Amino acid sequence: MNKKSDFNYDVFFKDKVPLFLSEYYVFPLTIYSAWLSYWFSEFLKLEPSVDDSKSYFYIVEMLVSYTFWVGLFVLLISVFGVRFSLLRKKQAEDFRVENDNLKQNIQSYRSSESSLKQQLDDNQQELFNLRGQHQELLYDSTSNFLRHLAEECCSLNDKQRISLYLFSSEQFILVGRYSKHPEFKNKNRMKFPSREGCIAKAWYDGEVSVTLPSNHKEYVEYCELELNIKRSDIKNHRMKSRDFFGKAIEDKGGDRVGVIIFESQKPNTLKISAIKDEINTRHSYLSSLILQSKDVNLLVVYKKEITNEQA
Amino acid sequence: MNKLEIAAKYLLDNLPPDRKLTLKKMIQLLYFADWKYTLEFGKSLTDVDWEFEQLGPTSEQAIAIIKESDVIDVNYSLNKFGSNREKVSLKNNSSIQELTETEKAILEEVLKKSLSIDWQEFTVDIFGTYPISNATKYGKLNLQSLAQEYKRKCNEIMKIISL
């Protein structure tokens with residue numbers, strides 16, 4: 001099997017030969033100069049007394065001799081060498097100019113990049129602040145809607161409260177709350193574990209209605225065993241509610257997006273059937289409030305799963 | 001001079017000339033450096049109290065120190081959206097070398113990281129730190145106890161993985 005030749009004629013004649021000639025043209029040029037001097041000296045050796053026709057023939061003889069053609073060939077090579085050398089110099093100059101232009105462009109791009117990075121940083125910072133403001137406004141408007149629900153529809157009293165939570169990344173985030181009691185309506189915690197309390201029960205069961213025991217010990221035990229709330233957390237609860245009603249809120253596609261919780265410090269005071277009717281009537285609006293909150297809530301938008309490396 | 005002021009000045013000293021810092025970002029950088037330092041050495045780098053608010057970690061104490069600093073200038077302006085912008089810069093070039101090599105290394109690491117990513121990514125990193133991602137309520141952050149808690153949890157996870 002014949003081995004395929006790697007020889008590339010284009011590269012050889014268009015690249016290698018001109019390069020070689022432009023590098024080494026000085027050698028044939030030297031040889032040619034030597035030959036020319038030799039030829040000229042031989043020419044000068046002709047004596048004036050010699051017959052003109054003889055000297056003429058001598059010149060012709062010299063001209064047709066192989067040395068003349070060798071000299072001519074060397075001269076041609078030298079001429080090509082000079083030509084390629086000039087071309088290379090021109091190319092080198094063009095490359096230098098182009099390189100300088102590119103360097104200037106790079107410098108200019110670097111400076112623009114730095115300025116753009118700064119602008120991006122400023123804009124993202126502004127977006128972050130706007131998201132924060134939007135989150136606050138949305139929290140207030142959601143709480144106002146819950147207030148409307150509490151006062152106009154469910155007649156909630158000072159010992160009762162409504163809270164709306166969105167579910168995201170295995171946790172519930174408070175997106176609106178209302179109570180007539182100034183302390184109970186405050187945001188104490190802003191997020192809650194996905195498997196604790198009535199919120200989790202409503203989320204997993206779809207609906208929950210619970211009345212907790214009045215006896216403190218039984219109350220704590222119930223919270224611990226039935227609602228999976230840690231004993232240490234129970235004492236931190238600002239509002240020790242005994243009556244709960246919660247319902248999972250779904251989006252248009254039927255996926256659960258959050259939970260609404262009604263709670264009361266006094267047992268059997270929540271008007272469950274009226275509350276259920278109101279939730280059913282306002283379900284799509286409650287769902288849209290949760291989804292809007294999800295889009296702007298900083299804890300959702302800037303959430304990242306924690307890793308050892310990034311801690 | 002306060003430790004936080006020295007750390008803030010060090011950050012500004014090492015900031016590339018074509019980049020600027022807002023007060024908010026400076027506070028976040030200091031929080032990040034403080035958390036990393038506490039995690040590594042069990043003590044605070046800045047000696048200020050940190051709080052978690054809606055817009056992330058902050059420290060009224062740190063803000064007051066920077067605003068009253070003799071070496072750091074806070075320039076107030078409006079950004080193109082019409083909101084207030086507080087840029088921090090150095091007032092003078094007085095040289096202060098009161099930081100240890102490890103403190104400098106952590107500050108440089110935090111600054112370098114923040115310059116290599118944009119605000120959004122940096123905020124995700126800040127919100128991903130254990131004190132913030134694990135906080136259930138807004139309020140004070142005790143970085144030292146949180147660092148211990150974090151290490152303990154990591155060790156427990158490592159034990160479970162190794163079983």
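β4 (72–78) of chain B and strand β5 (residues 84–90) of chain B run antiparallel and are joined by seven bridges.

A word on how to read the names and values: residues are numbered from 1 along each chain as its sequence is written, while chains are lettered from A and ligands numbered from 1 in the order in which they are written. Because the model is predicted, local features need pLDDT of at least 70 and side-chain atom pairs count only at pLDDT 80 or more, while totals for chains, interfaces and linings use all residues.

Three strands of chain B form an open sheet in the order β1-β5-β4, with antiparallel pairing. β1 (21–22) and β4 of chain B stand at the edges with a single partner strand each, so one side of each has no neighbour in the sheet.

Chain B has another open sheet to look at, with three strands in the order β3-β2-β6 and antiparallel pairing. Its edge strands are β3 (56–58) and β6 (139–141) of chain B, each pairing on one side only. On average, neighbouring strands of this sheet are turned by 40° against each other, direction ignored. Strand β2 (residues 50–53) of chain B pairs with β6(B) in the antiparallel sense over three bridges, and B:Trp50 has B:Leu141 in β6(B) as its bridge partner. α2(B) packs on this sheet, touching β2 and β3 of chain B, and its direction makes about 90° with that of β3(B). Contact here is between residues whose C-beta atoms, placed from the backbone, lie within 7 Å.

α2(B) and helix α4 (residues 101–116) of chain B pack at an angle of about 130°, with their axes 9 Å apart. Axes are lines fitted to C-alpha atoms, for helices over the stretch in contact, and angles run from 0 to 180 degrees between N-to-C directions. α2(B) and α4(B) are therefore oblique to each other; angles under 35 degrees count as roughly parallel, over 145 as roughly antiparallel, 65 to 115 as roughly perpendicular and the rest as oblique. Among the residues that meet are B:Phe32 and B:Tyr37 in α2(B) and B:Ile106 and B:Val110 in α4(B). The residues of this contact divide into eight nonpolar, one polar and two charged. In this count Ala, Val, Leu, Ile, Met, Phe, Trp, Tyr, Cys and Pro are nonpolar, Asp, Glu, Lys and Arg are charged, and the others, Gly among them, are polar.

Next comes helix α3 (residues 60–67) of chain B, whose axis comes within 11 Å of that of α2(B), the two crossing at roughly 120°. That makes α2(B) oblique to α3(B). B:Leu23, B:Met26, B:Ile27 and B:Leu30 of α2(B) make the contact with B:Ala62, B:Ile63 and B:Ile66 of α3(B). By class, this contact has seven nonpolar, no polar and no charged residues.

Helix α1 (residues 3–13) of chain B also packs with α4(B), at an angle of about 50° and with the axes 10 Å apart. Here B:Ala7, B:Tyr10 and B:Leu11 in α1(B) meet B:Lys104, B:Leu107 and B:Leu111 in α4(B). The residues of this contact divide into five nonpolar, no polar and one charged.

Finally, turn to the partner chain. 27 residues of chain B are in contact with 24 residues of chain A. The elements of chain B that give two or more residues to this side are α2 (23–41), α5 (119–128), α6 (130–133) and α7 (143–162). α5(B) gives the most, with seven residues. By class, the side of chain B that touches chain A has ten nonpolar, ten polar and seven charged residues.

Notes. Two residues are in contact if their C-beta atoms, placed from the backbone, lie within 7 Å. Helices (H or I, at least four residues) and strands (E, at least two) are DSSP runs, numbered from the N terminus. Two strands pair if DSSP finds at least two bridges between them.
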